[in-house]
Amino acid sequence: MAELNTGDGGGKKGGGKVRSKKQNSKVDLTAMVDLAFLLITFFMLTTSLSKPKSMDLGLPDKEDEKKDDVIIKTDQRRTVTVILGANDQIKWFHGLLEAPEVNGKPQTTGYGKEGIRKVLLSRVASIPQVTGDKDKGLIVIIKPTKKSTYKNLVDILDEMAICKVPTNAIVNDFSPEENKLADELNKSAE
């Protein structure tokens with residue numbers, strides 16, 4: 001049992017008067033300790049812990065049977081292909097690789113607001129005007145190379161979320177021309 005002693009009281013004091021002896025006051029702290037543990041337990045059980053933040057990523061279903069390769073045709077005016085390379089470098093082109101819509105050749109850039117974000121924001125705004133349909137937005141095809149890092153993939157997915165790109169896909173199939181472009185990107189980064 002816990003107690004609180006306040007010192008001894010009473011006794012004779014110099015005047016010769018005899019006073020009655022006062023009892024020491026005792027406070028029982030057992031109930032307060034029990035209450036403290038009950039409150040701690042209550043708050044531990046009712047507090048919501050911070051939940052990890054994650055991004056939704058749609059993946060295809062696992063299929064046992066190999067179906068014929070289905071080629072989905074998309075409007076080249078809506079498509080931007082992003083190739084992730086080494087040392088945080090990105091090659092991108094709008095439209096087809098054979099005839100890009102911007103400057104006639106693929107462009108090299110980096111991450112951040114002056115890099116790929118600037119490109120994506122301008123494309124997100126301009127694509128509905130070009131197609132004439134606000135429901136037909138930008139489609140970004142992300143192609144990570146073997147020299148790119150996991151951080152690069154997460155960074156580009158963050159850029160997709162920041163720029164509110166309606167449709168994006170991660171593709172690991174490269175055409176021979178895209179392989180040459182990826183090799184050039186990785187060699188220039190070394």
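Trainee: What is valine 82 in contact with, leaving aside its neighbours within four places in sequence?
Mentor: Keeping in mind that this is a predicted model, valine 82 is in contact with Ile90, Lys91, Trp92, Ile116, Val140, Ile141, Ile142, Lys143 and Ile156, once its neighbours within four places in sequence are set aside.

Trainee: And which residues have the most contacts inside the largest nonpolar core?
Mentor: Val82 is one of them, together with Ile116, Val140, Ile142 and Ile156, in a core that has 18 residues. The elements giving two or more residues to this core are S1, S2, helix H2 (116-131), strand S4 (139-144) and H3, and H3 gives the most, with 5 residues.

Trainee: What about a second core, which residues does that include?
Mentor: The second core is separate and has 6 residues, among them Ile83, Phe93, Leu97 and Ala182. As a general point, nonpolar side chains tend to be buried together in soluble globular proteins.

Trainee: Then which residues make the nonpolar surface patch?
Mentor: That patch, of about 580 Å², is made by Val33, Phe37, Ile40, Met44 and Leu45. Phenylalanine 37 lies in helix H1, which covers residues 30-46, and it counts as exposed because its relative accessibility is 55%, where the cut-off for exposed is over 50%.

Trainee: Switching to charges, how many salt bridges does the structure hold?
Mentor: The structure holds 4 salt bridges. One of them joins the side chains of lysine 143 and glutamate 178, at 2.5 Å from N to O. Lysine 143 lies in strand S4 while glutamate 178 lies in helix H4 (residues 176-189), so this pair ties together parts that are 35 residues apart in sequence.

Trainee: Is lysine 143 buried or exposed?
Mentor: Lysine 143 is buried, with a relative accessible area of 8%, and glutamate 178 is buried too, with a relative accessible area of 8%. By contrast, glutamate 114 and lysine 118 are both exposed, and they form a salt bridge whose closest N and O atoms are 3.7 Å apart.

Trainee: Where do aspartate 155 and lysine 151 lie?
Mentor: Both lie in helix H3, 4 residues apart, about one turn of the helix, and their side chains meet in a salt bridge at 2.8 Å, N to O.

Conventions: Residues are numbered from 1 along each chain as its sequence is written. This is a predicted model: local features need pLDDT of at least 70, side-chain atom pairs count only at pLDDT 80 or more; totals for chains, interfaces and linings use all residues. Side-chain values use heavy atoms; hydrogens and water are left out. Patches are made of residues with over 30% relative accessible area and no salt bridge: like charges are joined within 9 Å, nonpolar side chains (Val, Leu, Ile, Met, Phe, Trp, Tyr) within 5 Å. Accessible areas come from the Shrake-Rupley method with a 1.4 Å probe; for residues, only the protein chains shown count as cover. Buried means under 20% relative accessible area, exposed over 50%, partly exposed in between (1.4 Å probe, protein chains only). A nonpolar core is a set of buried Ala, Val, Leu, Ile, Met, Phe, Trp, Tyr and Cys residues joined through side-chain atoms within 4.5 Å. Contact means heavy atoms within 4.5 Å.
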